[in-house]
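User: I'm new to this one and would like to go through it piece by piece. Could you show it to me before we start?

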Amino acid sequence: ACIPMLSSTGAPTVRPARVHLVDMFPRDSPRNFLFRGDNPVSDQTFNLSSLLAVLREAASNECGVGLPEEFQFVDMSLENLSDPGYVEEIRYWQMHPEEGRLLKWPLLGSLHDVQRSADRQSLVASGKWAIEGNADHLLERLSMTRSLLQNTTSPPTVIFAHCNAGCDRTGEFIGSYMMSYLDYNITTAMGEDCRQCGRCPNYFASNSLGWWCLTLQLMHNRTGLGDCLDAFDCEPLGDCVARAPTHPADPCPTIARRAMRNDGREVE
């Protein structure tokens, strides 16, 4: 379903400072967009028109681009049942399927300290570094996100990826996307995660970034990612800070110079 450009009504239900344009396609004349942000439900209300107003502002301010007149909207939720607004978000899309669709992709991150693990090779090979296993489903979900973004046969698409704070699970997912498709090394992915949220991803998410960096290196022969073990310092199960974070020369997202196929193999 496609929705027209809606007029904003009501206060934003997201924090605009945590909403950012991550990627767009095609780069020279974008029609599809990937944004990140925090919980779009406030006071048990999901306000799509105010959310879209914040997305339009971010696209304009960060890259000088506008959203299409009509587009299909994809709400990519990384939340779980314990998050505020979880049920309200589901209910909204059940009641308004003509306005878009909801993807429920809960992330839990990693309990394994990637810097101190004595069994990195095995954990990377099995994907059991993630609490849920299967490398937190990052390979298939990142690939699906990239396919949605690059699809030019369907109507224009606007994707909004979020968790509750827009920092931790969103930081894991978007930081992994940056390393996979924007050709960022881990210090740049970590630096952008910290900058875009206003704080760095927590222990569970930062360690997941380290594990995903190793997964790209060891399982997909990726180079140029830097030292996967030297991008952050974390308190046990707590807050993290970036070590010597770097940032892209142009904060406006660029089309990847390196891409991965759906099977995880690199496209030359």
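User: Which residue is the bridge partner of His-20 in β3?

Analyst: In this model, which is predicted, His-20 has Arg-36 of β3 as its bridge partner. The strands involved are β2 and β3, which run antiparallel and are joined by five bridges, and together they form a hairpin with six residues between them.

User: And is β2 mostly covered or exposed?

Analyst: Strand β2 is mostly covered, since six of its six residues count as buried.

User: What joins Phe-25 and Pro-26?

Analyst: A cis peptide bond joins Phe-25 and Pro-26, with omega at about -15°. Pro-26 lies in the loop between β2, which covers residues 20-25, and β3.

User: Let's move to β8. How many of its residues are buried?

Analyst: Six of the six residues of strand β8, which spans residues 157-162, are buried, so the strand is largely enclosed by the rest of the structure.

User: Which residues are on each side?

Analyst: In a regular strand, side chains alternate between the two faces of the sheet. For β8, Thr-157, Ile-159 and Ala-161 are on one side, while Val-158, Phe-160 and His-162 are on the other, and both faces are covered, with all of these residues buried.

User: Which strand does β8 pair with over five bridges, and in what sense?

Analyst: That is β3, residues 32-37, and the pairing with β8 is in the parallel sense. Within this pairing, Phe-35 has Phe-160 of β8 as its bridge partner. Strand β8 also pairs with β6, residues 70-77, again in the parallel sense, over six bridges, and there Ser-77 stands opposite His-162 of β8.

User: Now the helices. Which residues of α2 are buried?

Analyst: In helix α2, which runs over residues 86-95, the buried residues are Tyr-86, Glu-88, Glu-89, Tyr-92 and Trp-93.

User: What do they pack against?

Analyst: The buried residues of α2 pack against several elements, among them helix α1 (48-63) and the strands β6, β7 (101-104) and β8.

User: How do the axes of α5 and α7 cross?

Analyst: The axes of helix α5 (residues 169-181) and helix α7 (residues 203-220) come within 9 Å and cross at roughly 25°. Angles under 35 degrees count as roughly parallel, and α5 and α7 are therefore roughly parallel to each other. Their crossing is right-handed.

User: Which residues make that contact?

Analyst: On the α5 side the contact is made by Gly-171, Glu-172, Gly-175, Ser-176, Met-179 and Ser-180, and on the α7 side by Ala-205, Ser-208, Leu-209, Trp-212, Cys-213 and Leu-216. By type, the residues of the contact between α5 and α7 divide into six nonpolar, five polar and one charged.

User: Last topic: which residue has a positive phi of about 50° although it is not a glycine?

Analyst: That residue is Asn-134, and its place is in the loop between α3 (120-126) and α4 (138-150). Asn-134 counts as partly exposed because its relative accessibility is 42%. Asn-221 also has a positive phi, about 55°, without being a glycine.

User: Where is Asn-221 found?

Analyst: Asn-221 is found in the loop between α7 and β9, the latter covering 232-234. With a relative accessibility of 63%, Asn-221 counts as exposed, because the cut-off for that is over 50%.

Methods. Residues are numbered from 1 along each chain as its sequence is written. This is a predicted model: local features need pLDDT of at least 70, side-chain atom pairs count only at pLDDT 80 or more; totals for chains, interfaces and linings use all residues. Side-chain values use heavy atoms; hydrogens and water are left out. Buried means under 20% relative accessible area, exposed over 50%, partly exposed in between (1.4 Å probe, protein chains only). Helices (H or I, at least four residues) and strands (E, at least two) are DSSP runs, numbered from the N terminus. Two strands pair if DSSP finds at least two bridges between them. Contact means heavy atoms within 4.5 Å. Axes are lines fitted to C-alpha atoms, for helices over the stretch in contact, and angles run from 0 to 180 degrees between N-to-C directions. Angles under 35 degrees count as roughly parallel, over 145 as roughly antiparallel, 65 to 115 as roughly perpendicular and the rest as oblique. A crossing is left-handed if the near helix is turned anticlockwise from the far one by less than a right angle, and right-handed if clockwise. Ala, Val, Leu, Ile, Met, Phe, Trp, Tyr, Cys and Pro count as nonpolar, Asp, Glu, Lys and Arg as charged, and the others, Gly among them, as polar.
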